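Here are some notes to read alongside the model.

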Amino acid sequence: MPLDYRRFNGPEDSIPYKRFTKQYFKTYEQLRDDLINDKGLRQDGRTLDEARSMFARTDMVSQAKGSSYVELKKTKVACSVFDPREIPHQNEFSQLGQLYCEVKFAPFSCPRKRRPYAPDSEERALSVALRQALEPTVCRHLFPNYQIDVFVYILEHDGACLAAAINAAGLALANAAVPMYDIITSCSVAVLGDKMFIDPTEAEEHVATTSLESDANHGIITMSMLSGLKQISDFTQIGSMGMDCVTKAMDILERECEKLVPYIQKVLVTNVIQGFEQQKVLEEEAKEREKALDAKMEEWKALLKAALIFGSIGYLEELHIEKQDIHSSDGLCFDPRTIMSLGPTLRILNVSENKITDVAWAKPLRRLEVLIAKKNNLENFQSVADDLCTLTSLVDLNFIGNPMTKKHRYKETIIARCAQLRVLDTIVINNTSKTFLQSFVKAVKLRQLNEKNKLDMNKRGVDDFFELNMLPGPRAQSALSTSISGFTNQKPKVSAIDSTYTFMPRTFWRSKPTPSPRETIAPPMEPPPPIKQPVNETNDIPIKGILKKPMPMKYQS
């Protein structure tokens with residue numbers, strides 16, 4: 001078991017100084033005679049049938065669901081109860097919940113011998129007795145296959161530690177709001193001959209358990225009871241006693257357990273009342289803090305409004321204007337003059353939950369590094385990327401809760417367009433991913449630009465080309481214009497440099513034959529070179545060729 005390094009730990013085999021005093025070398029008869037003085041009272045001034053006064057309180061351990069502290073003069077016990085959890089290392093389903101109880105002595109608690117850190121046989125026996133006493137009390141059928149952990153720590157042991165542990169555990173269970181049938185109380189009695197010591201001390205228990213008279217009654221009895229149900233939950237006996245002695249001890253313990261019930265009830269009621277009072281105090285403090293925050297918010301709103309009006313926030317570096325009370329459907333609007341005045345200095349801007357639909361207003365903020373715009377109405381991430389790509393200092397963006405975050409290629413577009421971006425929606429961007437996305441978007445843009453240029457070369461563009469480069473008069477229909485006019489709803493498959501133009505000089509206008517259907521069909525992307533034919537002076541067939549740019553005409557002589 002790990003050591004507690006917060007305190008000075010003595011050696012495990014240390015010996016108390018009492019072993020070197022005369023009290024330690026007394027005989028059994030001397031120890032027995034010292035238990036009662038000449039007046040018939042015990043060493044602490046009590047009578048034989050008088051129990052020690054008990055001090056109890058709840059909410060001892062802040063980390064536990066319920067906790068308690070019980071003190072019987074020098075016997076001091078602390079108990080903590082935790083929330084139910086699933087039973088570990090169990091294959092079969094359990095219809096009833098279980099209680100896991102652990103009793104531990106502090107190393108300095110016992111007066112005769114220092115306790116070791118590892119659990120010993122006495123601690124294990126006390127843990128089993130505590131579990132047997134608490135099981136009839138708890139409504140275990142309400143949390144099947146779950147267990148409740150109960151930890152008891154004995155800070156100082158001066159007798160009746162089991163009874164004190166049971167009382168503390170019952171109080172802690174009630175404080176943790178664990179369903180129970182009744183309040184459990186416990187008490188102990190030490191029997192020595194014809195004498196019974198109610199609520200014995202450690203010295204009285206030691207004499208009762210080490211009696212040398214085998215025929216006489218001697219030992220310790222601990223009984224726990226549900227007084228409201230008149231039911232005994234546990235009965236523990238150590239020693240040798242007759243039936244009449246045991247019956248008499250049980251009657252005494254029953255009365256003592258009933259005496260503890262009103263006191264336990266009082267502690268619980270006091271705890272409930274204190275809880276209500278504390279809740280009221282917390283609510284009042286919360287209202288006061290809310291009022292103070294509202295007043296501060298109004299003050300800041302007034303200052304911000306004045307600053308926005310008079311433009312006196314030229315040195316502002318961080319601005320938070322989230323959750324503005326906007327009742328209309330329109331989002332938050334910014335004055336261009338104010339944004340221009342904030343541009344040279346503003347580095348951090350938070351405009352969350354303001355129904356903003358675009359970020360075009362952020363273009364003048366050239367020193368902006370962090371932009372937080374969560375839970376707004378931003379839908380078009382393309383326009384957002386276009387608006388923010390000019391901010392060279394922008395390294396952190398947060399658009400969580402906007403509709404555009406659920407669209408395809410949202411993150412890829414933002415990362416590719418914003419070159420200096422390092423964090424997007426609280427996620428750090430890898431440099432390799434950023435480089436790849438930027439290259440990919442550039443390739444996509446070039447492809448889209450190429451397709452756009454192809455689409456622009458329509459029939460009207462070809463006609464304009466001929467008007468500028470050819471002679472006036474009837475013009476032959478080009479392959480590009482024919483293909484576009486024939487397939488107006490499809491993407492064109494040819495470009496201007498691949499088109500085949502058919503033209504004729506002015507002298508051959510009237511001798512042109514009617515074009516065949518084959519000539520009106522668009523040629524392939526790379527048409528084969530034309531077949532050279534011999535020139536015939538008497539033939540009026542026009543000269544055909546492929547033109548990639550305007551060039552002067554040549555006539556055959």
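1. Burial. A residue is called buried when its relative accessible area is under 20%, exposed when that area is over 50%, and partly exposed in between, using a 1.4 Å probe and protein chains only. This is a predicted model, in which local features need pLDDT of at least 70 and side-chain atom pairs count only at pLDDT 80 or more, while totals for chains, interfaces and linings use all residues. Residues are numbered from 1 along each chain as its sequence is written, and side-chain values use heavy atoms, with hydrogens and water left out.

2. Ser68. Is Ser68 buried or exposed? Its relative accessible area is 0%, so Ser68 is buried. The residue belongs to strand β2; helices (H or I, at least four residues) and strands (E, at least two) are DSSP runs, numbered from the N terminus. A polar atom of the Ser68 side chain lies 2.6 Å from the backbone oxygen of Ala168. A polar contact is a pair of N or O atoms within 3.5 Å; within protein, one must be able to donate a hydrogen and the other to accept it, and residues adjacent in sequence count only if both atoms are side-chain atoms. Contact in general means heavy atoms within 4.5 Å. Leaving aside neighbours within four places in sequence, the residues in contact with Ser68 include Arg57, Val77, Ala168 and Leu171.

3. The largest core. A nonpolar core is a set of buried Ala, Val, Leu, Ile, Met, Phe, Trp, Tyr and Cys residues joined through side-chain atoms within 4.5 Å. The largest one here has 41 residues, and Leu134, Val150 and Val152 have the most contacts inside it. Among the elements that give two or more residues to this core are β1 (54–58), β2 (66–72), α2 (121–134) and α5 (243–310). Helix α3 supplies the largest share, 10 residues.

4. Val150 and the second core. What does Val150 touch, leaving aside its neighbours within four places in sequence? Its contacts include Cys79, Tyr100, Leu134, Ala169 and Leu173. A second core, separate and of 35 residues, includes Ile356, Phe399, Ile415 and Cys418.

5. Two strands pair if DSSP finds at least two bridges between them. Six strands form an open sheet with mixed pairing, in the order β11-β12-β13-β14-β15-β16. Its edge strands, β11 (318–320) and β16 (427–428), each pair on one side only. Strand β11 pairs with β12 (residues 348–350) in the parallel sense, over three bridges. Within this pairing, Glu318 stands opposite Ile348 in β12.

6. Aromatic pairs. Rings of Phe, Tyr and Trp (its six-membered ring) pair if their centres lie within 6.5 Å; planes under 30 degrees apart count as stacked, over 60 as edge-to-face and the rest as tilted. The structure holds four such pairs. The rings of Phe55 and Tyr69 are edge-to-face because their planes stand at 65 degrees, with the centres 6.3 Å apart. Phe55 is in strand β1 and Tyr69 in strand β2, 14 residues apart. Phe55 is partly exposed at 42% relative accessible area, whereas Tyr69 is buried at 11%. Phe381 and Tyr410 are also edge-to-face, with 6.4 Å from centre to centre and 80 degrees between the planes. This pair links helix α7 (residues 381–388) with helix α8 (residues 410–417), across 29 residues. Phe381 is buried at 10%, and Tyr410 is buried at 2%.

7. Salt bridges. A salt bridge is a side-chain nitrogen of Lys or Arg within 4 Å of a carboxyl oxygen of Asp or Glu. By this rule there are 15. Lys259 and Glu256 form one at 3.5 Å, N to O; both residues lie in helix α5, three residues apart, about one turn of the helix. Lys259 is exposed at 56% relative accessibility, whereas Glu256 is buried at 9%.

8. A bridge between helices. Arg417 and Asp386 form a salt bridge at 2.5 Å, N to O. Arg417 is in helix α8 and Asp386 in helix α7, so the pair ties together parts that are 31 residues apart in sequence. Arg417 is partly exposed at 24%, and Asp386 is partly exposed at 36%.
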